Amino acid sequence: MQATAFTYDPETRSGSVLLDDGTPVEFGAEAFDAGGLRLLRPGQRVRIETEGRGEALRITLVTLQTL
């Protein structure tokens with residue numbers, strides 16, 4: 001799934017993305033670390049992996065979107 005980075009805190013390595021429908025979803029350090037990223041800037045396109053649905057939706061991986 002693709003999304004757009006919305007917020008990112010380098011101290012906690014957590015933040016949020018906006019899904020393509022505009023829904024914000026938060027991610028924790030575990031998801032950020034799983035993607036091997038060192039930095040994330042708001043507005044970057046990212047690829048995410050999730051589990052759960054609706055209110056229980058949780059991001060498990062955040063990485064940069066590549067073509």
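**View 1. T7 sits in strand 1.** Strands here are DSSP E runs of at least two residues and helices are H or I runs of at least four, numbered from the N terminus. This is a predicted model, so local features need pLDDT of at least 70 and side-chain atom pairs pLDDT 80 or more, while totals for chains, interfaces and linings use all residues. Residues are numbered from 1 along each chain as its sequence is written, and side-chain values use heavy atoms, with hydrogens and water left out. T7 comes out partly exposed because its relative accessibility is 35% (buried is under 20%, exposed over 50%, partly exposed in between; 1.4 Å probe, protein chains only).

**View 2. Who T7 meets.** Skipping neighbours within four places in sequence, T7 is in contact with G15, S16 and F27 (heavy atoms within 4.5 Å).

**View 3. The largest nonpolar core has 15 residues.** Such a core joins buried Ala, Val, Leu, Ile, Met, Phe, Trp, Tyr and Cys through side-chain atoms within 4.5 Å. V17, F27 and V62 are among those with the most contacts inside it. Strand 1 gives the most to this core, three residues. Beyond four places in sequence, V62 touches residues including F27, L40 and I48.

**View 4. R13, in the loop between strand 1 (2–9) and strand 2 (14–19).** R13 isn't a glycine, yet has a positive phi of about 55°. Most residues other than glycine have a negative phi.
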